[in-house]
Amino acid sequence: MITPAEIFPLMVPANEDGTAFEGYLTLPNAGSLDTALWMRLFDVPLWANTLQGAKLECSRELSDLLEGCEDTIEARLGDSPDVTSFFLELRNLLDKLLRFRPPLEPPPSTFYTGLIAEIDAVGWDRLAWLCPNLSALHIRISDAAGRDHMVKVQLPAAYPEAAPLVSAQLPEQVKLPPWQPGASSLQDLIRHYEAAIASLQDLWACLDDLDREAWVLEPEKPTPADAHRRIALGGHCSLLLELDPARPRARPPDLRFLGSEAAAAPMRTRLRAADAPPWDPGRLPRENLERLLQMKLPTRSTSAQDDISGDCCICYAYRLPPAQPPGAGSATLGEVPDQSCGNPRCARPFHGRCLREWLLALPTSRRSFNTVFGECPYCSQPITTTAS
Ligand SMILES: [Zn+2]
Ligand SMILES: [Zn+2]
């Protein structure tokens, strides 16, 4: 088992009960900062399986380095079962920050001449942004359909000996060959991104068609990285589908109906019917859905808003905030409406939590074991939900 002292040898317990640590964070690549990274960790909860609630006091140099990472540190405290785990996370974070920290001394002149030659090769007209200290740049790639994509490049101080960090908003990460100092170049990287973007043209064509010809409820503002759509079907019901970036016209493995069950049930039956037309990969996904569901998908111009929304009719929201406390792990999505009135003429959707609270607050509701019996807040027809 590793101990805190093996990660940061100069961090020592500051009291007897083990709720505080204090000292210097020693890191191999801290350079001139090596005697300045002082930290005190205190109020460490002793009998919890997380460090949530523990506090940090940092030297000015360490605060400067960690600026903007406050949420990450808060989340790491919540994720870490003990001090050793937190120190490991902190060391990884600091390693990364130090690697991409703008150099304190200007890089050698070859860095500039080399970078300028690299941008020459890529084309200055495609340079969308250049950080004043030349530690980062954005390259624009226009695709065949006229969409603009931004490739973000971060240059470590030791570039081109060290590999740059490259990213773009795409549904899948672009696989880059290992960086070879002296042989690899920005132009090579951009070519890989151009190839990836070219291969995604049909995916975006299919998604653009859905955005144009259907009523997309989620994502509210789709980015090129989003391959999923939740589209309105009417009757407080919606369909969630995710296209395969490699085969966007193939039938999505999962077609999930959300919202009103009264509206979803007949559509689900149509999808599964033995005589349903087969999914035709020569057509757009939207055309296939319309053929299978035997309906024209509602659009913003052809349908009324109140029939479309899958929002909960008690709290008027779609997603509830996640039940977990903030910082308790990775991004989790909140509850969506998963209950609905069984009266087909009403069919309004509700969050289980909202419906339960609503029914339990009314004297007319009745509870038996784990079920609550009451009336729909809109049409007064009988409705039930679970009590916990
Ligand atoms: Zn609700
Ligand atoms: Zn109802």
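User: Where is the place of His 149?
Analyst: His 149 is in strand β7, residues 148–154. Keep in mind that this is a predicted model.
User: Is His 149 buried or exposed?
Analyst: Buried. The relative accessible area of His 149 is 5%, and buried means under 20%.
User: Which side chain joins that of His 149 in a polar contact?
Analyst: The side chain of Asp 143. The polar contact is 3.0 Å.
User: Which residues is His 149 in contact with, leaving aside neighbours within four places in sequence?
Analyst: They include Ile 139, Arg 140 and Ile 141. Leu 170, Ile 197, Trp 204 and Pro 224 are also among them. Asp 143 is on that list too.
User: Switching to helices. At what angle do α3 and α4 pack?
Analyst: About 155 degrees, with the axes 9 Å apart. Helix α3 covers residues 70–79 and helix α4 covers residues 83–99. The angle makes α3 roughly antiparallel to α4, because angles over 145 degrees count that way.
User: Which residues of α3 and α4 meet?
Analyst: From α3, Ile 73, Arg 76 and Leu 77. From α4, Phe 86, Glu 89 and Leu 93. By class, the contact of α3 with α4 has 4 nonpolar, no polar and 2 charged residues.
User: And what is the handedness of the crossing of α3 and α4?
Analyst: Right-handed, as α3 passes α4.
User: How far apart are the axes of α5 and α6?
Analyst: They are 8 Å apart, and the angle is about 35 degrees. Leu 115, Glu 118, Ala 121 and Val 122 of α5 meet Leu 186, Gln 187 and Ile 190 of α6. That contact has 5 nonpolar residues, 1 polar and 1 charged.
User: On to the backbone. Which peptide bond has omega near 5 degrees?
Analyst: The one from Tyr 159 to Pro 160, and it is cis. Pro 160 sits in the loop between β7 and β8. The bond from Glu 218 to Pro 219 is also cis, with omega near -10 degrees. Pro 219 lies in the loop between β9 and β10.
User: What is the phi of His 236?
Analyst: Positive, about 60 degrees, although His 236 is not a glycine. His 236 is in the loop between β10 and β11. His 236 is buried, at 10% relative accessible area.
User: And Gln 294, buried or exposed?
Analyst: Exposed. Gln 294 has a relative accessible area of 59%. Gln 294 lies in the loop between α9 and α10. Its phi is positive too, at about 55 degrees.

Note on methods
Residues are numbered from 1 along each chain as its sequence is written. Chains are lettered from A and ligands numbered from 1 in the order in which they are written. This is a predicted model: local features need pLDDT of at least 70, side-chain atom pairs count only at pLDDT 80 or more; totals for chains, interfaces and linings use all residues. Side-chain values use heavy atoms; hydrogens and water are left out. Axes are lines fitted to C-alpha atoms, for helices over the stretch in contact, and angles run from 0 to 180 degrees between N-to-C directions. Helices (H or I, at least four residues) and strands (E, at least two) are DSSP runs, numbered from the N terminus. Angles under 35 degrees count as roughly parallel, over 145 as roughly antiparallel, 65 to 115 as roughly perpendicular and the rest as oblique. A crossing is left-handed if the near helix is turned anticlockwise from the far one by less than a right angle, and right-handed if clockwise. Contact means heavy atoms within 4.5 Å. Ala, Val, Leu, Ile, Met, Phe, Trp, Tyr, Cys and Pro count as nonpolar, Asp, Glu, Lys and Arg as charged, and the others, Gly among them, as polar. Buried means under 20% relative accessible area, exposed over 50%, partly exposed in between (1.4 Å probe, protein chains only). A polar contact is a pair of N or O atoms within 3.5 Å; within protein, one must be able to donate a hydrogen and the other to accept it, and residues adjacent in sequence count only if both atoms are side-chain atoms.
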